[in-house]
Amino acid sequence: MAAPALTPEVQALLDKQHTIRLGDKAPNFDADTQLGKINLYDYLGDSWGIIFSHPRDFTPVCSTEIGRGSQLSAEWAKRNIKPLALSVDSVQHHIEWIKDINEITGADVNFPIIADEDYSVSVLYGMLDQTHLSQAGMPFTVRNVFIIDPQRTVRLILTYPASTGRNFDEILRVIDSLQLANSHKVATPADWVKGKDTMVLPTVSTDDARKLFPKGVNEIRPWLRTTPDPSAA
Ligand code: BEZ
């Protein structure tokens, strides 16, 4: 795909962006949303958080993502995680668009969507898409996901292109894995879902693992040990 022409002003905006890495403290910010002004840290309180950006209001794929995000409210609550969406559209656009989403998908969008018209949060989190510009030549946001833990540490970063809607089952799966690994000395294998066997961390000896995991440890190799999901009943 040919790169769009960037004006010097847009290039300067893109260059100003911060880079967020896993393990960074999530930068705090104040922002306007369709539910009023929020401060990130106040909004999250003691909870985990998910910030997910989308390119534009009134676009089909983004509508499915916001609809799905709202239909997952019980899943977010179960995991003690507060959702927060973002685009560079206005509060009024968000309000009008949410009416359509609710009507079309049967959702009840009840979490804040940041109206980042001045690009301040997008620049702070490095969310701008240099490949996707408005007719006025201004960048939209990519489909980012940031998962933030209660200590305000960034634990997951995903970046999807505008043409691909995110898989929210995958996002919930990673949150389950992160929360499990927070409380048990395990990691989770490819395609793991809650309830399936987990892998004993390489730093734990098999003798110690047998004490830590009373459900049993299967030593396939000294470096490859599985144990049933320690969080499952
Ligand atoms: C969409 O949400 O449908 C979309 C947004 C930007 C570019 C392509 C698709």
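This is a predicted model: local features need pLDDT of at least 70, side-chain atom pairs count only at pLDDT 80 or more; totals for chains, interfaces and linings use all residues.
1. Overall make-up. The protein chain contains eight helices and 13 strands, and its C-alpha atoms fill a box of roughly 65 × 40 × 35 Å when the box is taken along the principal axes. Of the 233 residues in the chain, 46% are buried.

2. Contacts and surface. Among the contacts in the protein chain with a separation of 6 or more, 66% are between residues 24 or more positions apart. The accessible surface of the chain comes to about 11800 Å², and carbon and sulfur atoms account for 53% of that surface.

3. Ser87 lies in strand β4, which covers residues 81-87. Why is Ser87 classed as buried? Its relative accessible area is 0%, and the class takes in values under 20%, so Ser87 counts as buried. The side chain of Ser87 is joined to the side chain of Asp57 by a polar contact of 3.3 Å. If its neighbours within four places in sequence are left aside, Ser87 is in contact with His54, Pro55 and Asp57, with His94, with Ile114, Ala115 and Asp116, and with Thr141.

4. The β1-β2 hairpin. Strand β1, made of residues 30-33, pairs with strand β2, made of residues 36-39, in the antiparallel sense over four bridges, and a hairpin of two residues joins β1 to β2. Within this pairing, Ala31 stands opposite Ile38 of β2. Which residues of β1 form its covered face, and which the uncovered one? Ala31 and Thr33 make up the covered face, whereas Asp30 and Asp32 make up the uncovered one.

5. The four-stranded sheet. An open sheet is formed by four strands in the order β10-β11-β13-β12, with antiparallel pairing. Its edge strands are β10 (186-187) and β12 (218-221), each of which pairs on one side only.

6. The β12-β13 pairing. The edge strand β12 pairs with strand β13, residues 224-227, in the antiparallel sense over three bridges. In this pairing Arg221 stands opposite Leu224 of β13.

Note on methods:
Residues are numbered from 1 along each chain as its sequence is written. Side-chain values use heavy atoms; hydrogens and water are left out. Buried means under 20% relative accessible area, exposed over 50%, partly exposed in between (1.4 Å probe, protein chains only). Contact means heavy atoms within 4.5 Å. Accessible areas come from the Shrake-Rupley method with a 1.4 Å probe; for residues, only the protein chains shown count as cover. A polar contact is a pair of N or O atoms within 3.5 Å; within protein, one must be able to donate a hydrogen and the other to accept it, and residues adjacent in sequence count only if both atoms are side-chain atoms. Two strands pair if DSSP finds at least two bridges between them.
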